[in-house]
Amino acid sequence: MEEGAAGAAGGAEGLLRVADNTLSGDRASLAEEDEDGCQDLWRLPVECSVRRRECGRCGRPQKVCLCPFLPVHPLKVSTCLYIIQHPAEESRVLRTVPLLAACLPEEKCKVLIGRRFSEDRYPELASVCRNPNTLILYPGAGAANLEEVELSSLDPCIIIIIDGTWSQAKDIFFKNSLFRIPKQVQLRTSLSSQYVIRTQPTNACLSTLECAAIALAIMEKNDYIKETILRPLQALCSFQLQHGAQIHHSKEHLLKNGLYDKPMPKNKRKLRRMELLVNNVKI
């Protein structure tokens, strides 16, 4: 009995070895087939990604160029704009600053990109901030209405505008002491944003281009300037809506009408801000 059991066990071990050898052989053959197949991959054609050519003036892809909606010649203005742009805005596809710059002479619209601006690294900006005719457009309790501001001299006015989301703009304004030197101003307007392809915090929030258009129209006492600068923005939004984009209502509108479908923030400060939006409290 013991010999029979030993013989059966030996036979089983032999079968297992045969099975293992067979599986090993199958794996080896499959690996060889994979290697043979992979050797031919280099012969497959590779499509090179080609970046769409952009218009040198409006910065848009040439197929959707907005130059027909820009002024033929840059607008003649005495006011100079300094756009302080958060680095995140530079990479946005549907940004408005290039359209604004295309409407104005190069020396009247200067764009500085960054988060921190020290006097040592930006001596020209420091000089601009100390100019008595420089204003910074940033709303707040201490801001004067731009329409009511009287400048101390007849020299051309300079307006600093921060380009970014509201949280980015707040960070730049409060963490750069240079920007608290100029007189702080805000816009008193009932105009709703026409930049409807991007969500604004409140119904009264405007894009950088819209703020600049209104500010220039006030300082230059010429509403044609506002209409001209807004035209390419209107064309941009119209084109995007025709090709699948959706109208973005403000966060304030969505909250008040029960249409806000995102999870409510857990951060108490952010939650408090949303409560203020719903209750018509200016933030």
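**Figure 1. Salt bridges in the predicted model.** This is a predicted model, and six salt bridges are found in the structure.

**Figure 2. Glutamate 124 and lysine 110 form a salt bridge.** Their side chains meet at 3.6 Å, N to O. The pair ties together distant parts of the chain, 14 residues apart. Glutamate 124 belongs to helix α4 (residues 123-129), and lysine 110 to strand β2 (residues 109-113). Glutamate 124 has a relative accessible area of 49%, so it counts as partly exposed. Lysine 110 is also partly exposed, at 29%.

**Figure 3. Arginine 116 and aspartate 171 form a salt bridge.** The N to O distance is 3.1 Å. Arginine 116 is partly exposed, with 38% relative accessibility.

**Figure 4. Lysine 175 and aspartate 171 form a salt bridge.** The side chains meet at 3.2 Å, N to O. Lysine 175 has a relative accessible area of 54%; it is exposed because this value is over 50%. Shared partners join Arg116, Asp171 and Lys175 into one network of salt bridges.

**Figure 5. The second largest pocket and its lining.** The volume of this pocket is about 280 Å³. Its lining comprises 15 residues. Glu54, Gly59, Pro61, Val93 and Arg95 lie nearest the pocket centre. By class, seven lining residues are nonpolar, two are polar and six are charged.

Note on methods: Residues numbered from 1 in each chain as written. Predicted model: local features only at pLDDT ≥ 70, side-chain atom pairs only at ≥ 80, totals over all residues. Heavy atoms only, no water. 1 Å grid on protein atoms, 1.4 Å probe; cavity = no way out; pocket = protein on both sides within 12 Å on 5 of 7 lines; lining within 4 Å. Points joined across faces, edges and corners; volume = space filled by probe spheres on them. Nonpolar A, V, L, I, M, F, W, Y, C, P; charged D, E, K, R; others polar. Salt bridge = Lys/Arg side-chain N within 4 Å of Asp/Glu carboxyl O. Helix = DSSP H or I, 4+ residues; strand = E, 2+ residues; numbered from the N terminus. Buried < 20%, exposed > 50% of the residue type's maximum accessible area, 1.4 Å probe, protein only.
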